[in-house]
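Please look over the structure below, and then read on for a short account of how its parts meet.

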Amino acid sequence: MRERGMRRLVSGNEAIFQGAIRAGAGYFAGYPISPTSEILQQAAINAEEDPKFRFLQAEDEIAAAIATISASLAGVKAFTATSGPGFTLMQEALGWGHVVEAPCVLVNSMRVGPSTGMPTQPAQSDLLQIKGGSAGDYYPIAFYPNSVEESFRLTVTAFNAAEESLSPVILLSDAFLSHLYEIVDLEGIEVEVVSRSKEPLGRGQRLFTGTAHDKIGNVKTNDPEIYREWLWELKDRHLRVAEKYPLFEYIPCQGSSTLLIAFGITSRILSPLKEGFSIFRPIRIFPILERELKEITQSYRHVIVVEGSDGQYAGWVEWAIGRKVLRVPCLGGGFKLQWIQSQIEERLKGEGG
Amino acid sequence: MIDRSYKDLLKMRRYPHTWCPGCGIGAVLKNVAMVLKELGWNHQNTVAVSGIGCSGRMAGYMNLDAVHTPHGRALTAAETIKTVRPDLNVIVLSGDGDLGSIGGNHLLHTSRRNPDITVFCNDNEIYGLTGGQAGPTTPRGTKTITSPRGEPYLPLRPGRILTQQAPYFYARTTVYHLNHFKTCIQEALLWKGFSFVDIISDCIELNGRRLGFKTAYQMFKWFDERFHIVEGVRDHLEEDELGIARAEREEVPKPMEKVEIKPEIPIEDLKPFTLKELQHFDDSEGKAIYVGYKGKVYDLSSSPLFQGEKRMRCHIAGKDLTKDIEIAPHGEDLVFKFPVVGRLK
């Protein structure tokens, strides 16, 4: 254990791992994938040093995610880390985790997709797959930091939200942020930790099933009443917990009639533009910050979403605020400030200034 | 008086159960419950895990904390629960399609990692819940709704996969050979490590009738004809044998023998070499190969690796190699096994 007050170079991946440990994680399962392999490696080393910490290098991401959720049911805080293609394999477990109500954290550090894509160029194009890649209706909570320190803090927040909502919470990162080194005193960061909320296995005669079920776990596969009651309760709980974390950053610029929306690494790259534009950075990506977006965007003539995908967040902003927004998609790992700036100018010209 | 106390292990309030009359799963569930009861395993020390399918419904009828996973993932879940909670007994109740097909990768890897869990595989050679499609264990030639001309491929043989390397425990039994069945359940539960009971079972409604059987009992008689029980501990089972194949891990092979180190001659008694003198022994014109290392001179003439133009690609004869060997991928042991002929001045 390092001393407090020791500032040192820490990567985004290490901050995520240390955040999980601070939150009390006792289990990690994963499969090697860039750019989160360092988290897997750290977990392996940590398991050697701390016999209470368990670790599995699984045969694939399917097993990694299933193991994470099973560990949570068994009675420890658990997490896994992957990138887009691995997260695609975890979708099955994600849906299962929501139905069996297993608190855990899935880290997705995004790289350019689809499929193998561009390993390992940064992207922000997994928003739709984390929101709705598994079958059926479910309401994931997702956070997205933009610095190494925030990666640490939000990992703890993700674990807390997981315990409160009884669901797999997603922590987003990107290939850039995962491998970004910044000087931080991790041990000096004060965080609040929510303790385990779910009764572990071996205490009763419950059934944890992915099949629709009633409150005591009896399988009910043909009763819409019971299904609706269950789903509305789950949705309500998730939205209530999300309400506790309405995390965003808003940097208004006086006289600007344009609001830039950016998150994760893009918001860092854009930050020099704060002299000329107002900037809004959502930190809680899902559920969408609907009220905050409505309130803040109404005083701006133009809203431009700058993101590492072809409008995956912009579409949600339009849904939330009820009007068109301008888009600057930074694709294929291209996040150069100068290019972004010229694109913004072009969009505004197209709108008549 | 028949002992029905095993019913404590079953969620009787959920009965009647979901399975067809004549299905073998009832026998699996009942016999597992009976043995658990005899062993004193209950909801305070045991967890049941299932996958998907008819067989996957079994865990939900056990009066235990039960985990009903997505299709094929029962083994991963069971292994993790055992890892996190070694205090709990973990059993898996699932089917051949779940464990052998969609969960096949986990069967390979969970068995390799050998967690102390017991797997009961209701092997009815068919996908029953979805209507009778060919499964991974469906014998070649069997007509099913997805193999109308007969299954074209050879079946998966879990016994062959699971007995490939020790330790292993693989038992094959049927729902008809009840005493044998119960013995297999008990032995498997008590085995320390990964144990797998392949229970040949019947699906009369979605497989048996198409094969020409009128009742489940006729299928049981067919099992009796197809299989025979073999006694004692085997290292593997033939395809028509019912029994237990198990093996402990063999003793870990001894580490390689250490090279004998000859008694050291005090360094001052060794013949002194200057670097210039050392350069002379560079393998040219049949001369010996000497190299310096940490103050001593070694004769590497007998090294098969130190022949030819470029010595092992990096090391050059007639030089002090102390620095080179420090950064080389191999250790210094490679040098120490050669005779010392002098010291560096």
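Two residues are in contact if their C-beta atoms, placed from the backbone, lie within 7 Å. By that criterion, the contact takes 26 residues from chain B and 30 residues from chain A. This is a predicted model, in which local features need pLDDT of at least 70 and side-chain atom pairs count only at pLDDT 80 or more, while totals for chains, interfaces and linings use all residues. Residues are numbered from 1 along each chain as its sequence is written, and chains are lettered from A and ligands numbered from 1 in the order in which they are written.

Helices (H or I, at least four residues) and strands (E, at least two) are DSSP runs, numbered from the N terminus. The elements of chain B that give two or more residues to its side touching chain A are these:

| Element of chain B | Residues |
|---|---|
| strand 2 | 65-68 |
| helix 3 | 74-84 |
| helix 5 | 104-113 |

Helix 3 of chain B supplies the largest share of this side, six residues. Strand 2 of chain B runs parallel to strand 10 (residues 207-209) of chain A, and three bridges join them, where strands pair if DSSP finds at least two bridges between them. Within this pairing, A:Leu207 stands opposite B:Ala66.
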